[in-house]
Amino acid sequence: MAGYLDILRPQILTQVVRQVVASADPILSFMGFQPGGSNEKFYGHGREGLYHVFDDTRRVGKMRAPGTAAGRSSKQPMKQVPFVYPRMHDSISLPSEYFHNIGKIDDPRLRDEAGKDMIMRQTNTIIRKAANFRIALTVGMLRDSLYVHQEGDDWQLNYTSSGAAFQISFGVPSGNKSQLNMTSRSGTSIHGGSIIDVPWSSSGANIPLHFTKINQARSAQGVGPVRHVHLGSQIWQHVISNDYLSAQAGIANPPFSTYQREVGKRPDGSPLHEYVGKFNALPGVDWHISDEGLDLWDAANDVYAFQTHWGNDKVVFMGEPIGTDKYTLSQGSEPIAEYDGGPETVRVGVSSWSKKTSNPTATEVYVLDNALGVAHDPYDLAIATVTGF
């Protein structure tokens with residue numbers, strides 16, 4: 001049974017889990033949310049956690065008359081947000097009899113001794129589901145649209161509210177959504193109405209002006225300028241046909257300065273459906289064009305259905321996630337006994353293990369993750385509806 005032992009030794013299995021999760025989708029490495037990523041943190045939480053949202057200030061320090069004591073300012077407000085960690089815990093049973101007697105998937109004439117090849121494929125499948133859990137958490141945070149649907153003991157994630165048991169809210173202000181009637185932190189409209197006033201599907205939409213207004217609003221909100229934009233390829237086609245972006249680039253030049261495929265492959269070896277572009281008229285902004293997505297639960301139709309990360313009508317604007325304190329993939333923990341009568345160990349974040357069972361003989365593979373993406377300054381996110389209104 002060397003096939004089982006080679007693949008399912010705890011150390012190797014854990015390494016495989018971490019590698020698959022890390023390479024599953026560019027969005028995890030972009031945010032630093034992959035295992036071992038720069039924004040993955042553990043603060044000693046178990047099932048429940050608490051994070052802080054701190055509002056920066058735009059006020060000037062108090063002036064005082066010469067010879068008088070220092071003025072005294074009140075403490076800057078800081079919100080505490082309690083939460084319960086979303087929990088992914090899944091397993092798969094690999095019956096020894098079945099796998100020992102099948103042919104190799106790539107050459108059925110040859111018996112796959114101990115099912116080694118198929119065990120690897122089945123194990124990678126359950127591990128990939130663990131990776132997809134983190135991707136769904138990350139995309140749901142960036143969209144501020146993550147909902148939980150309960151089916152008995154199974155809790156399903158998706159990005160739509162229909163039939164949801166509850167929403168995992170990330171606190172993005174309402175003015176930073178829809179057509180972006182962005183407000184100051186005190187609630188005053190900065191531009192007196194929606195910034196996205198003409199759909200981007202129209203070549204006459206003044207996208208450079210929209211960006212100028214968004215960055216002005218972000219300055220008033222106390223966050224830096226837009227550094228990254230996430231969107232699907234359908235909206236990208238509208239953007240590269242925009243009259244204003246073309247005019248500002250110059251009639252002899254293409255509107256974009258770079259447009260290239262994101263380097264990397266999925267765990268199955270196929271290339272990523274993700275590109276990165278830059279516009280001459282909007283220097284310093286990276287456009288991440290992705291048609292990647294997940295099969296998420298469609299409660300209305302009782303099926304899993306493919307959903308792209310960004311859809312065909314929305315764009316996500318944000319600052320820089322790496323090297324800042326704006327975003328964290330916070331990890332929870334729980335005690336686990338890997339087998340009946342075994343010792344309890346506390347598992348933090350993503351974890352995996354396998355165990356042997358008898359009657360019938362099988363190997364069971366388990367994956368576990370307790371995690372939640374946190375936007376410590378929700379004003380950094382702006383989720384705009386740019387078409388279909």
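User: Which residue of β23 is the bridge partner of Val 315?
Analyst: This is a predicted model, in which local features need pLDDT of at least 70, side-chain atom pairs count only at pLDDT 80 or more, and totals for chains, interfaces and linings use all residues. Residues are numbered from 1 along each chain as its sequence is written, and side-chain values use heavy atoms, without hydrogens and water. Strands here are DSSP runs (E, at least two residues), numbered from the N terminus. In β23, Val 315 has as its bridge partner Ala 384.

User: In which sense do β17 and β23 pair, parallel or antiparallel?
Analyst: Two strands pair if DSSP finds at least two bridges between them. Strand β17 covers residues 314-318, and with β23 it forms four bridges. The sense of this pairing is antiparallel.

User: Which residue in β23 is the bridge partner of Ser 178?
Analyst: Strand β10 (residues 177-178) pairs with β23 in the parallel sense over two bridges. The partner of Ser 178 in β23 is Ala 384.

User: Are the residues of β23 that point either way buried or exposed?
Analyst: Ala 382 and Ala 384 point one way, and Ile 383 and Thr 385 the other way. Buried means under 20% relative accessible area, exposed over 50%, and partly exposed in between (1.4 Å probe, protein chains only). All four of these residues are buried.

User: Why does Tyr 339 count as partly exposed?
Analyst: Tyr 339 lies in the loop between β19 (333-337) and β20 (344-348). Tyr 339 counts as partly exposed because its relative accessibility is 45%.
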